[in-house]
Amino acid sequence: MHGTRGKVFGVVAACAAAGLLAACGSNDSTAKSTPTLTTTKAPAAATTTPAAGAPSTDQQSPQPAPDSATTTSPERPQPVPSQFLTTPNGSPALSDKEKGFIDELKKAGITPGSSDIAITAANLVCQGKAENAPQDQIVTYVTAIAGSDPSFDPSKMSVEQAGKIYYDVASKSYCNK
């Protein structure tokens, strides 16, 4: 019985070793050149064929970029749709509804560092109200969003107060508008 176990173990070990060696494989590649970003022409390097099974140490030189006379002009990109246009600071352009919400937040003492954070909080309030989520649960999530704003200053007001302001302002001036 011990002899059979040893033979089975030997066969399994041999299969595993064969699988590992097969996974290593040769260094064959279908790549014919290395991409380059330069437009200078480099002289072609002489390549040698290594002995069978020996690893190749030579690398192919980059292929020269085609001359501009032989290339076709690139495609012209389509204009960006207006809903994806951004302001100079990289934020998406705000709708009148969003601008009104941010203005109301400022009147209430909150100046968001990013309109994205404020609009996310407002959308969360509206979605929570639409799904009849409990107000305290919505306020908890909005409070977390308000506290994540890099411009939030806890010396001016508590994060809980900021969350409540976000909830109240979004309920009055953003949801269902």
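Where is the place of Ala146? The place of Ala146 is in helix H4, and the views below lead up to that residue and past it.

This is a predicted model, in which local features need pLDDT of at least 70, side-chain atom pairs count only at pLDDT 80 or more, and totals for chains, interfaces and linings use all residues. Residues are numbered from 1 along each chain as its sequence is written, and side-chain values use heavy atoms, with hydrogens and water left out.

**View 1. The protein has five helices and zero strands.** Along the sequence the pattern reads α-α-α-α-α. Helices (H or I, at least four residues) and strands (E, at least two) are DSSP runs, numbered from the N terminus. Of the 177 residues, 21% are buried. Buried means under 20% relative accessible area, exposed over 50%, and partly exposed in between (1.4 Å probe, protein chains only). Contact means heavy atoms within 4.5 Å. Among contacts with a separation of 6 or more, 62% join residues 24 or more positions apart.

**View 2. The largest nonpolar core holds 25 residues.** A nonpolar core is a set of buried Ala, Val, Leu, Ile, Met, Phe, Trp, Tyr and Cys residues joined through side-chain atoms within 4.5 Å. Phe101, Leu105, Ile110, Val125, Tyr166 and Tyr174 touch the most other members. Helices H2 (96-107), H3 (115-130), H4 (135-148) and H5 (159-173) each give two or more residues to this core. H3 gives the largest share, seven residues. Leaving out residues up to four places away in sequence, Tyr174 touches Lys97, Glu98, Phe101, Ile119, Ala122, Asn123, Cys126 and Val169.

**View 3. Cys126 and Cys175 form a disulfide.** A disulfide is a pair of cysteine sulfur atoms within 2.5 Å. Here the sulfur atoms are 2.0 Å apart. Cys126 lies in helix H3 and Cys175 in the segment after H5, so the pair ties together parts that are 49 residues apart in sequence. The torsion about the S-S bond is about -100 degrees, so the disulfide is left-handed. Both Cys126 and Cys175 are buried. A search of the whole structure finds one disulfide.

**View 4. Ala121 sits in helix H3.** Ala121 is buried, at 1% relative accessibility. Apart from neighbours within four places in sequence, Ala121 is in contact with Val142, Ile145 and Tyr166. Ala121 and Ile145 are 24 residues apart in sequence, yet 6.3 Å apart in space, C-alpha to C-alpha.

**View 5. Ala146 is buried in helix H4.** Its relative accessible area is 1%. Not counting residues up to four places away in sequence, Ala146 touches Phe152, Ala162, Gly163 and Tyr166. Thr120 is 26 residues from Ala146 in sequence and 9.8 Å away in space, C-alpha to C-alpha.

**View 6. Asn132 lies in the loop between H3 and H4.** Asn132 is exposed, with a relative accessible area of 70%. Its phi is near 55 degrees, a positive value in a residue other than glycine. Most residues other than glycine have a negative phi.
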